[in-house]
Amino acid sequence: MLLFAAATLVGAAGLRPDPARAEQGAPLKLVALGDSLTAGYRLPAEAAFPAVLERALKAKGYRVEIANAGVSGDTSTGGLDRLDWSVPDGTQGVILELGANDMLRGTDPAVTRKALETIIARLKTRNIPVLLAGMLAAPNLGTEYRARFDAIYPDLAKAHDLVLYPFFLDGVAGMRANTMDDGLHPTAKGVERVVEGILPSVETFLGRLGQSPERKGQEQKGQEQKGQ
């Protein structure tokens, strides 16, 4: 299994919200498709990124369910190979976090770009939006490689109108307090920091899907009832 030190971009490909589901008050079904950063390497399931993000969103009044489809050591090509069974029918949005292992293996950025773009295109064909979580190349890979790799995620986001989160590991990478003894993977505290950073982008993503937090409306209704 490969570890990663890098950055992340998040974007969202557009999906039209299902009015019937919205009326029924059913939660949005999201899938987090990624590597060990998603899977929760050496962490209990409840401390993994999808679970922590789901709790944070619910605390803000969103109705969501986030399935963990992270596989430690996975590459962008590996994610593409398992896309159909990792993202089942009925999924309404995907958080795509892949590419770190490509970078650590020195994979040609063109290969990574093609795999990620194919994933996005196939999900869009299924009318499933994508929130893209990317990576930045490690400094020791050289300026040419870094320029080619780092451009992948902004380019894809622009081409496919995605919501972007520029650095998935912002506040985690290089921070001993937020990483495990390998210096790369987030601790439980590190995952919380990731969620804190990405949350506004995820809320923008949910807004594209037609969901807004319920709590504000409920609080306003309660205030109106008190005033009567």
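Biologist: Which residues touch the most other members of the largest nonpolar core?

Modeller: In this predicted model, the largest nonpolar core is made up of 58 residues. Helix α10, which covers residues 188-208, supplies the largest share of this core, namely eight residues. The members that touch the most other members are F49, L53, L57, L96 and L206.

Biologist: Which residues does L96 touch, not counting residues up to four places away in sequence?

Modeller: L96 is one of the core residues that touch the most other members. Once residues up to four places away in sequence are left out, the residues that L96 touches are L33, L116, I119, I120, V130, L131, L132 and A133.

Biologist: How many residues apart in sequence are the parts that R126 and D89 tie together?

Modeller: R126 and D89 form a salt bridge in which the closest N and O atoms are 3.3 Å apart. Because R126 lies in the loop between α7 (109-125) and β4 (130-133), while D89 lies in the loop between α5 (83-86) and β3 (93-97), the pair ties together parts whose separation in sequence is 37 residues.

Biologist: Is D89 buried or exposed?

Modeller: The cut-off for exposed is a relative accessible area over 50%. D89 has a relative accessible area of 73%, so this residue counts as exposed.

Biologist: Which helices hold R113 and D155?

Modeller: R113 forms a salt bridge with D155, and their closest N and O atoms are 3.1 Å apart. The pair ties together parts that are 42 residues apart in sequence, because R113 and D155 lie, respectively, in helix α7 and helix α9.

Key: Residues numbered from 1 in each chain as written. Predicted model: local features only at pLDDT ≥ 70, side-chain atom pairs only at ≥ 80, totals over all residues. Heavy atoms only, no water. Core = buried A, V, L, I, M, F, W, Y, C linked by side-chain atoms within 4.5 Å. Buried < 20%, exposed > 50% of the residue type's maximum accessible area, 1.4 Å probe, protein only. Helix = DSSP H or I, 4+ residues; strand = E, 2+ residues; numbered from the N terminus. Contact = heavy atoms within 4.5 Å. Salt bridge = Lys/Arg side-chain N within 4 Å of Asp/Glu carboxyl O.
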